Amino acid sequence: MIGLDNVTIAYGTGTRAVIAVHDFTLSVPEGEAVGLVGESGSGKSTVLRAVAGLIPHAKGEIALAGVRVDRRRTTAQRKTTQMVFQDPYGSLHPNQTVDQILALPVAIHRLDRGEARIVQALTEVGLGREHRYRYPHQLSGGQRQRVAIARALILEPRILLLDEPTSALDVSVQAEILNLLARLRRERGLTLLMVSHDLAVIAHLCERIGVMSAGRLVEITTATAMAKSQVTHDYTRELLRSNAGFDRS
Amino acid sequence: MTAARTWLLDPAPASRMQARCGRWFRAWLGFRRNKLAMTGLGIVLLLVLMAVFAPLIADRQATTLQDLGNRLQPVSWQHLFGTDELGRDIFARVVFGSRITLTIVAMVALIVVPVGLAIGLPAGYFGGIVDKVLMRLTDIFLAFPRLVLALAFAAALGPGIENAVIAIALTAWPPYARLARAETMTRRRAEFIQAAELQGASALRIIATQIVPLCLSSVIIRLTLDMAGIILTAAGLGFLGLGAQPPAPEWGAMVSSGRQVLLDQWWVATIPGLAIFIVSLGFNLLGDGLRDAGDSRS
Amino acid sequence: MTEPLLTVRNLSVTYPGDDGDVRAVRNVSFTLGRERLGIVGESGSGKSTTGRAIMGLVGHPGRIAADELRLGDTDLRSLSESGFRRLRGKRIAMVLQDPKYSLDPVMTVGQQIAETHRTHLRSNKRDAKRAALEMLEAVQIRDPERVYTMYPHQVSGGMGQRVMIAMMLIAGPEILIADEPTSALDVTVQTQVLSIMDELVRSRGMGLLLVSHNLHLVSSFCDRVLVMYAGQVLETCEAGKLSEAKHPYTRGLLAALPQLGHRRPELPQLQRDPAWMADLA
C-alpha cells in the first residue's frame, strides 16, 4: 500500500542542501500498521511529510496504493492519503467551526450527501451534534484531535498518516484517542504509518516498528520482538532502556 | 432580551448562523467594556447618521446659497456656526461636508483593501520570485512621501473628488500589501494550512477560505487607524485646491477659505477644522479598541 | 526524617473567572524533606500552580491562601515581592520545561550562571566565573570553558537544561522545584538530565519537588508521589509502590498507559467520578 524505495529527502538546494533522510526503504502492505520511532531530528517526521506530499523528495520512489507519486498530486491521489497532526491546537483553523472544517474536504472533492457525511464523521469519532457548531477554542485537546481525525476520515482514505497524534494529550485522553484509532483502523481496514517518540504508544498500535537515527532507518522489527528486547542495533537498545524509566541504581 | 442572550451565548450552537452570531456577540461584549473605543464608535456612528440624514438636519440650499450681505456672521441662532466669506451657512456646509468625507473614506477603503490583499496574499503565500516582484513594486510606491505622491497624482489627473480618491488610494495601499503578506507568511506553515493542502485544496481555495479570514481582522484594524490619515490627506488636498471643487462643502477646502480671516472671524476655519479633528479622533479610538479586542482574543 | 525543609498546609490558589472564582489548587498539604517528592497529574490538575505558589510566582489576579507555608523558619505567606526575590535562586530554585524560554538570549550561558552567583553570594567577578565553570563541570558538560562562552541558541535542548540546572544550583538552594524538566527532551537525553539532577540534589542534601505528567518517570525517579486531580491531592504513596495505588483515579491512569510487552486490544479508559472532586472539599 505504501512503498518507499531508496528515498532521500533534502532541505534547501545546491551547496546548502541538508540531507534529512538517507536512502529510506520501507514497504507497508495493505491493512498493516507501521510505526517510526526516533529522536527529534532523526528524520521520522520528514519521511511522513514526504509520504503525505507536503515536501518533495530528492531521490528514490514513493508509491501509494500502487501509484507512483510526487509532491504535486491529483485530487484523487490526495483523497487516498490523509494525515493527523501532532498539535490539536495548530491543526484546526482558529476562526472556523467544526462544521466548516469538515465541510472543506466535502467541497474540495465535490462529495455527494455532504450533510450526512459530516454528521456521520462526527458520530464515528465520538462527537455529538452539540459539538458541530463549536469553534476549536471551545473544545478540549482530545475533542480537537477527534475533529482532526474526522476531517481526515471524511474523505474515506485508505492510508492514514499519524504524526505524534497523542503526544500533546493527557494520559487518559491518549488512551481514548488510541482506542478510537484502533477501532477505526479495524472497521475501515486502514493502512497506518505512525510517527512517535513514545515506544509504548507505537507498539500499542503498530505491528512493525522502524527505528530511525540521524536520518537513517537503523532497524526494523516487530512490536513483539521489541517487547522481548530482541533487537540488534545499539541505538534501539538505548531507546528501550530509556523507555523503561529512570534507573535508580 | 435574556432569551436572545442565552441563544447568543449558547456553548453548543445548533447552526452555523448561531455560532457566528455568538462569536460576534462575545467580541462585542469584550469591546463594550472599553470606554474610549465606545466613544470612538459613537463618533463614527454619528458621522454616518449625519451623512445619511443630512437633508433632515440642514437645508441643502443653504450650503451653496450666497448671501453677501450676511457674510462672516458670527455664531447665532440663525446660523449655528456662523457664515463664511460668501455668506453661506457653515452649519449646513459642515453637515453636508460629512457626506463628502464619508464618500472619500469609503471609496478609498474599497480600493485599498482589495488591492492590498491582491498584492500581499500571493506574495506571502507563494514566496520566491512572486514575492520579490510584488514586494519591489510595493517598495516603489512606499518610497514616495504619501502627500507628495497624492499631490502629484491629483495634479496630473486634475482636481476633483474622484481623482483625490484615486490619488489617496494609490498611495495608501502598500502598507496593506505588506500587512497581508506578513500575516500570510506567519500562517503559511500552520498545520491547518497543511491539512487543507493535503486534502487537495488549490492555492486559490486555501487563500480565500483559510488565509483571508485571518488577515481580514488585522487589515480592518489597520484601515480604521488609517482613516484619520486618509481624512487628513483628503482635507489637505482640499485645502490646496486639489480635492473637491467649490462650491462643494469639503471640510479641508472650508478650512482653506477661512484662513484669510482666521484672526478676526475664527469660526470660519475653526469649525470645519474641529469636524476633521473629531472624526479623525473617533476613527483612531475605534481602531485602538478593535486592536485591543483582537489582542485579548488571541 | 528530621525537620522538613518545606511545609505546606491547606494551600489554595484562586483565580477570578467570568463565572465566579476558579480554585486551581484546593487545600493541598505536604512536607518536603531531604528527599525527592513527585507531583503527578494531568493538565489542569493544579500541579504546576502548586509549584509556582511556593515560589511566589502566582501573579495577579491569582490569590494564595494557606494555613501554613513555611520554608525552614521563613513564613512564605507574609513575604513581600522583594523578599521572594531574595529567596528565589538562593534558597528555592526552579527549573522549567523549556530552557529556551528560561535563558536570556543575549547573554552567554556562562555569564548568566556567574551573574546568579554574584547576585546571591555577593562574590567578585573572578570567583563567580570560577564557580560557574565548576558548576558546568558538575552538570557533566565536557568542555566548560567553551560552553561558558556560548549563547543559549547555540546549545542543544539537553545541554540547555543542564545549564539551567547549573544556574539554579549555583547559589546552593535548599529546595529545587523542577516543573516538567525533561518533557521537551528526547527520551534518551531525559535519563541523563535526570541522573545529573539526582546526583546533585542528593550530594547537596537538597529537597527536590518534581512536577510531571509522566507517571513512569515520577515513579522510577522519586521517593514519594502526590497524585493531584482537580486541584486536590487525591493520594500520597511511595513511588516504588505506585502500582499498588489505591485511589481509582491513580489506578485508572496507570491502566490507561500503553505498555511495551503487554499489548491489549483496548486500553481501559478512565471513568471520572464526580465524587473525586468532593473528596476533600
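**Chain architecture and helix packing in the predicted model**

Read along the sequence, chain B follows the pattern α-α-α-α-α-α-α-α-α-α-α-α-α, and in this predicted model the chain accordingly comprises 13 helices and zero strands. Along its principal axes, the C-alpha trace of chain B extends over about 75 × 55 × 25 Å. Of the 298 residues in chain B, 47% are buried, and among the contacts of this chain with a separation of 6 or more, 69% are accounted for by residues 24 or more positions apart.

Chain A, by contrast in its secondary structure, contains nine helices and 10 strands. The radius of gyration of chain A is 18 Å, close to the 18 Å given by the globule rule for 249 residues, so chain A is as compact as a globular protein of that length. When taken along the principal axes, the box filled by the C-alpha atoms of chain A is roughly 50 × 50 × 35 Å.

Within chain B, the packing of two helices was examined in detail. Two packed helices are described by the angle between their axes and the distance between the axes. For helix 8 (residues 146–157) of chain B and helix 9 (residues 161–188) of chain B, the angle is about 145° and the axes are 8 Å apart, and helix 8 of chain B passes helix 9 of chain B in a right-handed crossing. On the side of helix 8 of chain B, the contact is made by B:Arg146, B:Leu149, B:Ala150, B:Phe153, B:Ala154 and B:Leu157, and helix 9 of chain B contributes B:Asn163, B:Ile166, B:Ala167, B:Leu170, B:Thr171 and B:Ala172. Classified by residue type, this contact of helix 8 with helix 9 of chain B has nine nonpolar, two polar and one charged residues.

B:Thr224 is found in helix 11 (residues 203–239) of chain B, and its relative accessible area of 9% is under the 20% cut-off, so B:Thr224 is buried. A polar atom of the side chain of B:Thr224 lies 2.6 Å from the backbone oxygen of B:Ile220. When residues up to four places away in sequence are not counted, B:Thr224 touches B:Phe283, B:Leu286, B:Gly287 and B:Leu290.

B:Val113, which lies in helix 6 (residues 90–126) of chain B, has a relative accessible area of 16% and is therefore also classed as buried, given the cut-off of under 20%. With residues up to four places away in sequence again left out, B:Val113 touches B:Val219 and B:Leu223. The C-alpha atom of B:Val113 is separated by 27 Å from that of B:Arg16, the two residues being 97 residues apart along the chain.

Note on methods:
Residues numbered from 1 in each chain as written. Chains lettered and ligands numbered in written order. Predicted model: local features only at pLDDT ≥ 70, side-chain atom pairs only at ≥ 80, totals over all residues. Heavy atoms only, no water. Axes fitted to C-alpha atoms, helices over the stretch in contact; angles between N-to-C directions. Helix = DSSP H or I, 4+ residues; strand = E, 2+ residues; numbered from the N terminus. Left-handed = near helix turned anticlockwise from the far one by under 90°. Contact = heavy atoms within 4.5 Å. Nonpolar A, V, L, I, M, F, W, Y, C, P; charged D, E, K, R; others polar. Buried < 20%, exposed > 50% of the residue type's maximum accessible area, 1.4 Å probe, protein only. Polar contact = N/O pair within 3.5 Å; in protein donor to acceptor, adjacent residues only side chain to side chain. Rg over C-alpha atoms; globule rule 2.2 N^0.38 Å.
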